[in-house]
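Reader: I've just opened this one and I'd like to learn how to read it. Can we go through it feature by feature?

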Amino acid sequence: MMLSLVDKLHREKVLSKEEFTALLDGFDKNIMQYLFSKSRAVADRVFGNKIYIRGLIEFTNYCKNDCYYCGIRRSNHNAERYRLEKEEILACCRQGYSLGFRTFVLQGGEDLWYTDEKLVDIISSVRNAYPDCAITLSIGEKTYEQYLAYYKAGANRYLLRHETANAEHYSKLHPQAQSPEYRKRCLYYLKEIGYQVGTGFMVGSPWQTSGNIAEDLLFIKNLKPHMIGIGPFIPHKDTQFAGFPQGSLDLTLLLIGILRLMIPNALIPATTALGTIHPKGRELGILAGANVVMPNLSPVNVRKKYILYDNKICTSEEAAECQFCLQERMKKIGYELVVDRGDYKEIDIS
Ligand code: SAH
């Protein structure tokens, strides 16, 4: 029964909510192996053994929002706050470029100190200095006009996880002021403007049900994002979710496999959160069908401050060390990091 669901997903690239829920509730190690043999074959057909790298620059941990799960939420007064100036961001890019990065991801809390004028200046400075690189933003919810201004300044991609597609579940993870509808609308704005768009969700966030995850999968199928980031929820000690269990490794891997079959050419990272809950998490993510890794380019002196969840890995290494370590890890499982922008490509492999 479960095996035939995997076959159906492989063939039709979607299942019904009931079928997804049954698969999420009823899978075991055999199903995982069966699914991964297919999802890896699909990833290998689209990307070969090439793994794209994205240089993550965590440029501010100030945030006006108060997401209950997040370590840099506004009301965490234990978080030591920092901001990077334009020159510091450019220095991260310079180092990343020399290490072979051709995508820079500027991620941060929603920090209003960075006015649109400042952001446009930063984006266009990176654009001018690195015309051959992709610029990805991950700075939360903005208006259509703001997204358009950043795009015109030279940004190409945008990461905005929908977090959970279910409005009731969303309201258990965020204060009332944060609207699940508006977050989703942002994703459609971004697509309309022409960004390559990434969305995603946490696996095992408090109160998440398999029905919720099935809704996430159907939301993603409908949105058709270019990138999909998922990782396990990991509690942070200074949040009200400190006592909740972390998300499951197996379920996260299963979902990577499912997403690979659903959207064969999607760019799917093996996330840092996955690497945090298991020493071989990122390798297992690649073997389940992921094709991207996102090493950190942030200056080492701020890394320990951009802590969304406890025990985050790679917070004391230099960028070059992380790069080398990941390269070796990928080599051991038969994959290689490449110097490439790694843009989304519209190809039909069916
Ligand atoms: N402020 C930006 C960037 C968010 S941080 C935005 O709003 O999009 C990137 C992602 O980290 C979030 O989208 C969330 O899914 C994830 N995250 C936050 N807290 C986490 C936790 N405790 N465990 C696992 N992932 C977490």
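Reader: Let's start with Leu254: is Leu254 buried or exposed?

Author: Buried means under 20% relative accessible area, exposed over 50%, and partly exposed in between (1.4 Å probe, protein chains only). Leu254 has a relative accessible area of 0%, so Leu254 is buried. You'll find Leu254 in helix α10, residues 249-262.

Reader: What should I know about the model itself before going on?

Author: This is a predicted model, where local features need pLDDT of at least 70, side-chain atom pairs count only at pLDDT 80 or more, and totals for chains, interfaces and linings use all residues. Residues are numbered from 1 along each chain as its sequence is written, and side-chain values use heavy atoms, with hydrogens and water left out.

Reader: How many helices and strands does the chain have?

Author: Helices (H or I, at least four residues) and strands (E, at least two) are DSSP runs, numbered from the N terminus. Here the chain has 14 helices and nine strands. Val197, for instance, sits in strand β6, residues 196-203. Val197 is buried, because its relative accessibility is 0%. Now compare positions in sequence and space: Val197 and Tyr158 are 39 residues apart in sequence, and their C-alpha atoms are 5.1 Å apart.

Reader: And where does Pro206 lie?

Author: Pro206 is in the loop between β6 and α9. With 2% relative accessibility, Pro206 counts as buried. Pro206 and Arg282 are 76 residues apart in sequence and 23 Å apart in space, C-alpha to C-alpha.

Reader: Now the overall shape. What radius of gyration does the chain have?

Author: The radius of gyration is taken over C-alpha atoms, and the globule rule is 2.2 Å times the number of residues to the power 0.38. For 350 residues, a compact globule would come out near 20 Å, and the chain has 19 Å, so the two agree. Along its principal axes, the C-alpha trace spans about 55 × 45 × 40 Å. As for burial, 59% of the 350 residues of the chain count as buried.

Reader: What about polar contacts?

Author: A polar contact is a pair of N or O atoms within 3.5 Å; within protein, one must be able to donate a hydrogen and the other to accept it, and residues adjacent in sequence count only if both atoms are side-chain atoms. A polar backbone atom of Gly108 is 2.9 Å from a nitrogen atom of the ligand. For Ile234, a backbone N or O atom lies 2.7 Å from a ligand nitrogen, and for Leu308 the distance from such a backbone atom to a ligand nitrogen is 3.4 Å. Accessible areas come from the Shrake-Rupley method with a 1.4 Å probe; for residues, only the protein chains shown count as cover. On its own the ligand has 560 Å² of accessible area, and the protein covers 91% of that.

Reader: Which side chain does the side chain of Ser210 contact?

Author: The side chain of Ser210 makes a polar contact with the side chain of Asp25, at 2.7 Å. Ser210 belongs to helix α9, residues 210-223, and is buried, with a relative accessible area of 16%.

Reader: How many disulfides are there?

Author: A disulfide is a covalent bond between the sulfur atoms of two cysteines. The cut-off is a pair of cysteine sulfur atoms within 2.5 Å, and a search of the whole structure finds zero disulfides. Take Cys92: the closest cysteine sulfur, in Cys93, is 6.7 Å from its own, so that pair is too far for a bond. For Cys186, the closest cysteine sulfur is in Cys67, and at 13 Å that is too far as well.
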